[in-house]
Amino acid sequence: MKKIFLIPALMCAMLSPLTVAAQEETEEPVVKRDYYFRSAKPLTQIESLYSAIMATTPKGIQNTLGLELIASKDSIQRMALNPTGINVAIVKKDKKGKYYLETITTDGEADKLMSFDSKHYGIPLAAAFTPDARQLAVATESGTYLFETKKFKPTAQLPAFTCKPDLLVFSPNEYFLAAAGDEKVEVMNFEEKTMRRTISPGEKVTDVVFSKSSEDMAVLTADGMIEIYDTRTFNVKLMIEDLDNGYACDFNFDGKYLAVAADNDKVTVINLLKPDDRIIFEVPDASISDVLFIVDAAENPVLAAATNNGIRARRLQLEPYYAKLVSDEVDMKMSEWLKKMPNETMEEYQLRVNDETRAKQRRLFEDEISTRLAGNLTAMSSISLGQYDAENEVLAVNFDNMPTIFLPMPREDLGGINSASDLTISEQQYGLLGDDSFELIYAKFTNNKTGAEYIYDNVNRKPMNFMNNDNVVSIELVQQQMMEEIKLEELKEQVMQEAKKDNIISDHTQIAVNSEVIPEYDANGKKIMNYNVNFTYQVDPEFSAQEDFAPGKYRAEQSGAASSMLNIVKNAFEGDFANYVKSGKRLNVKISGTADASPIRNTIAYDGAYGDIENEPIYQDNKMSAITVTQKDGIKTNEQLAFLRAYGVKEYLQNNVQGLDAMDTRYTYNIGVSEGKGSEFRRITVEFTFVDAF
């Protein structure tokens, strides 16, 4: 039988690559060729439910999504989409059964980009782009090879997998490369190019996916079994059965839910914190080949399924991962709380911040945030009274949306209460349980008839911070970081005073520096401490045109504020912070460049200061894409201006800050175009992360 594949490539471009496996049809297909989608224009949103893209002929496609259906003469076996969305690598099989690889653009402007030499590298079996879009991994019968993605030139050969891979998957943090084949999954530590773990389920592996945080890896097998692995240890943390045949799966964005194409016409969405909590979607008259979580324009979660007769998609109403929301906000608040206050002496700081006070403050933040997220759960509950424990003098109070509590109450007061309606509840506080549901931890109960008050107090229960047991920085490191931040502030003031003396900036420019120690794990599961150092600035709007970027300008030296900020960076990293600039150590540099919304009516000349830049991966609005700036075409968009401002920072750092070139320095660019107009919206910021710094 011939096979049909409809692959929503651009939908994947918004977030992550989509790999589609072969799916046999039980009937003669309508079309006797394979198809994939090529984007005709950017996909900005999707409808709540659509399936009108019918597999008849390319011209007969109802193209409501701005997608062009392109015919392929050969069978598509595997596909990997560049995270930027600009090209795709496809493993195909011709009519003679021979496998080959081709890479094509997704805009229809070019055909084959890469000439893959099967005689030299072996028969291609699967491919995957790295999450940073800078490399393509291709697994062949003879090994696995890396190619850079600008010209698709070979860069390295990886250690051989023992299995015959028909699936390659990178973890989003690029720590791991997983290969599946021969009823086996092999996980490579991509950082060190060594094997980390081999998994042998004993059944055909149909899919391998990592959570967006890279903390979990799901392995799906054809017998309908899911195994979830903790990527710190690669031990199994959860097993889920009864998923029929199990074709494909995907994590939602916070990792709380997993969608599984359990059968050819059914998708099951599983709450991983309560695996019996499942939502089943029927997909009638279809054969599902893949499933993917995406988001619409309003950032609502959408479940998309690629089928043999179209793309089916539906918005989902999923509960947030409350524990993760609480954890993230607590971390943010604790980061501020741990900072030394203005005019606070080190002696006062050390009295205020210690292990005991930090634990107490964290608990207060957890309960405060949990209570806000819970809302008024008691008001929304059907409440009833349960048994009275005479020995302990506690009354059971039952809620239909929370666990039962046991309210301390003297025996003689029972006669004055006939039902739950006799009690008024106030001053409620809520906490979280391990399954991400809320519980009442504190409340005042008042007898409406007698006015008697009873306090339920369980605030000293086991805290929610089960997610943060390892997210602790020693007080010694915090104090070291605070002392260094004081030095950084002193250096900043010194540089700014010199810049003001030279009339580069004035009191209308403010530069901010701050630092933070962040716990992390490396690709071997070892706990490390990263050191973040951030630099940013603000210029009063009426002075920004003089002291920051003028319209159409992008070189760092053309902004007094930007050049002053970068001078602080240079002095810091060549001075007091030089001990963190170590040869071979990893340094992540995140550079943000912005532009205002003033329209570019005439092309701005690009002087070629940074050379021609083609298809450089960038992030815009938290989505990866690519950007090109050439001297020939000049600057035509605000996005290009914002990018050049960020790129100029990299050029400055490489050319002026000693030692960075000897580090394993990796740059990412974040660009933004404001809705407002004016020079105050043109600026740059830079964040340095020294990995495993201590």
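# Close-up views

**View 1. Arg 666 counts as partly exposed, since its relative accessible area is 30%.** On this scale, buried means under 20% relative accessible area, exposed over 50%, and partly exposed in between (1.4 Å probe, protein chains only). This is a predicted model, in which local features need pLDDT of at least 70 and side-chain atom pairs count only at pLDDT 80 or more, whereas totals for chains, interfaces and linings use all residues. Residues are numbered from 1 along each chain as its sequence is written, and side-chain values use heavy atoms, leaving out hydrogens and water. Arg 666 is joined by a salt bridge (a side-chain nitrogen of Lys or Arg within 4 Å of a carboxyl oxygen of Asp or Glu) to Asp 664, with 2.8 Å between the closest N and O atoms. Asp 664 is itself partly exposed, at a relative accessible area of 29%. Through salt bridges with shared partners, Asp 664 and Arg 666 belong to one network together with Glu 191 and Arg 586.

**View 2. Arg 586 and Glu 191 are joined by a salt bridge between their side chains, at 3.3 Å from N to O.** Because Arg 586 belongs to strand 33 while Glu 191 belongs to the loop between strand 12 (184-189) and strand 13 (194-199), this pair ties together parts of the chain that lie 395 residues apart in sequence. Helices (H or I, at least four residues) and strands (E, at least two) are DSSP runs, numbered from the N terminus. Glu 191 has a relative accessibility of 33%, so this residue counts as partly exposed.

**View 3. Lys 164 and Glu 141 form a salt bridge, in which the closest N and O atoms are 3.8 Å apart.** Lys 164 is placed in the loop between strand 9 (154-158) and strand 10 (167-170), and Glu 141 in the loop between strand 7 (135-140) and strand 8 (144-148), so that parts 23 residues apart in sequence are tied together by the pair. The relative accessible area of Lys 164 is 44%, so Lys 164 counts as partly exposed. In the whole structure the count comes to 32 salt bridges.

**View 4. Among the 26 aromatic pairs of the structure is the one between Tyr 531 and Tyr 580, which counts as tilted because the ring centres are 4.8 Å apart and the planes stand at 55 degrees.** This pair links distant parts of the chain, 49 residues apart, with Tyr 531 in strand 32 (residues 527-539) and Tyr 580 in the loop between helix 8 (560-573) and strand 33 (586-595). Rings of Phe, Tyr and Trp (its six-membered ring) pair if their centres lie within 6.5 Å, planes under 30 degrees apart counting as stacked, over 60 as edge-to-face and the rest as tilted. Tyr 531 and Tyr 580 are both buried. Ring pairs also gather these two tyrosines into a cluster with Phe 535, Phe 573, Phe 577, Phe 688, Phe 690 and Phe 694.

**View 5. Tyr 531 is buried, as is Tyr 580, and a further pair of rings, those of Tyr 610 and Tyr 647, is tilted because the planes meet at 50 degrees, with the centres 5.7 Å apart.** The partners of this second pair are 37 residues apart, Tyr 610 being in the loop between strand 33 and strand 34 (613-620) and Tyr 647 in helix 9 (residues 638-656), so distant parts of the chain are linked. Tyr 610 is buried, and Tyr 647 is buried too.

**View 6. The largest nonpolar core of the model has 99 residues, and those with the most contacts inside it are Phe 445, Phe 535, Phe 573, Phe 643, Leu 653, Phe 688 and Phe 690.** A second, separate core has 17 residues, including Phe 176, Val 185, Val 187 and Val 208. A nonpolar core is a set of buried Ala, Val, Leu, Ile, Met, Phe, Trp, Tyr and Cys residues joined through side-chain atoms within 4.5 Å.

**View 7. The charged end of Arg 352 sits over the ring of Trp 337, at 5.3 Å from the ring centre.** In another place, Arg 645 lies over the face of Phe 549, with 4.9 Å to the centre of that ring. A charge sits over a ring if NZ of Lys or CZ of Arg is within 6 Å of the ring centre and within 35 degrees of the ring normal.

**View 8. Glu 183, a residue other than glycine, has a positive phi near 55 degrees.** Glu 183 is found in the loop between strand 11 (176-181) and strand 12, and Glu 183 is partly exposed, with a relative accessible area of 42%. Glu 427 also has a positive phi, near 55 degrees, but Glu 427 is found in strand 28 (residues 423-432). At a relative accessible area of 44%, Glu 427 is partly exposed. Most residues other than glycine have a negative phi.
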